[in-house]
Amino acid sequence: MNTTTLPRAALAESPVIITVAPNGAYKKAADHPAVPMTPEALALEARACLEAGAGMMHMHVRKPDGSHLLDAHAYREALAAVDRAVGRELLVQVTSEAAGVYKAAEQIALVRELQPEAVSMGLREIAVPDIPETELAAFFAWVAERRILAQIILYDEGDVQRWQSLRARGLVPPGAWSVLFVLGRYSVGQTSSAYDLLPFLAAYDHTLPWAICAFGAEENACVTTAAAFGGHMRVGFENNLKLRDGSIAAGNAALVRQAAEGARALGRPLATAEDARRIYGAIG
């Protein structure tokens, strides 16, 4: 593993990737009428969020009843709808989230069948006793070989240390890896604070690009703080419905627009989809 710390570019020379996570696995129309539940709704949201400053979308698909789904055919339909709306102007990352429904073997099988351009994977969900280390290493090697932009989701500093240990032991070969720190997942009321970022930064070796997501009305403060440290931003209805003033956002684009304002205030340019592909596609 290359343990050389990534160079810390000046903020003005470091485009920040704003990823929109517009629906997640659980939110429904009862939570907010603008939660996109269909390929067509995802396509409309993609266009609106692109215009607001997003360079990337984190995509979930749903069953007809609105429940969480991992299915290659459903993903291909949604990806095609978004492609018709924005082409390659957004980098689309699919999720492999279990959401209490799927097992690690099913999640891995979905990624292998779909072979997406970009995917997020929870370390706690796929690095489990049911999957032997040799099988996990083979999967990581397959992902790396195909240059899939793979973002590993980490929930605390213990996850950070475990991921770094897997890399140090050679179970994760060089590839297009990045990480996502989830702030406040286990906090009281699942409400995040910018202070939640500090343990991650202390544990992290800074060899790969990183981003954060957060819960609740301080989502914007959290992602802006991350951007000040050179990280990237993920916002959207998956984790938060509120604007920074505590009011309910009209749509995901309003949350993206806030994040873009924070980035600009720091002097960071907004990453395009091609910037995101370059940043998250760097070999690490």
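Tutor: Let's start with a definition: buried means under 20% relative accessible area, exposed means over 50%, and partly exposed is in between. Keep in mind that this is a predicted model.

Student: Okay, so is Glu 125 buried, exposed or partly exposed?

Tutor: Glu 125 has a relative accessible area of 23%, so it counts as partly exposed. You'll find Glu 125 in helix H4, residues 123–126.

Student: Which residues does Glu 125 touch, if I skip those up to four places away in sequence?

Tutor: Glu 125 touches Ser 96, Glu 97, Ala 98, Ala 99, Ala 104 and Gln 107.

Student: Let me try another one. Where does Gly 251 sit?

Tutor: Look in the loop between strand S10 (232–235) and helix H9 (252–266). With a relative accessible area of 14%, Gly 251 is buried, because the cut-off for buried is under 20%. Leaving out residues up to four places away in sequence, Gly 251 touches Glu 45 and Phe 237. As for Lys 28, it is 223 residues from Gly 251 in sequence, with 13 Å between them in space, C-alpha to C-alpha.

Student: S10 is a strand, then. What do the strands build together?

Tutor: To read a barrel, follow the strands in pairing order. Here eight strands form a closed barrel, S1-S2-S5-S6-S7-S8-S9-S10, with parallel pairing. From one strand to the next, the twist averages 25 degrees.

Student: How many bridges link S2 and S5?

Tutor: Four bridges, in the parallel sense, between S2 (residues 56–59) and S5 (residues 91–95). To see a bridge for yourself, take Met 57, whose partner in S5 is Val 92.

Student: And which strands does helix H8 lie across?

Tutor: Helix H8 (residues 219–228) lies across S8 (177–183), S9 (210–214) and S10, and it runs at about 165 degrees to S10.

Note on methods:
Residues numbered from 1 in each chain as written. Predicted model: local features only at pLDDT ≥ 70, side-chain atom pairs only at ≥ 80, totals over all residues. Heavy atoms only, no water. Helix = DSSP H or I, 4+ residues; strand = E, 2+ residues; numbered from the N terminus. Buried < 20%, exposed > 50% of the residue type's maximum accessible area, 1.4 Å probe, protein only. Contact = heavy atoms within 4.5 Å. Pairing = 2+ DSSP bridges. Axes fitted to C-alpha atoms, helices over the stretch in contact; angles between N-to-C directions.
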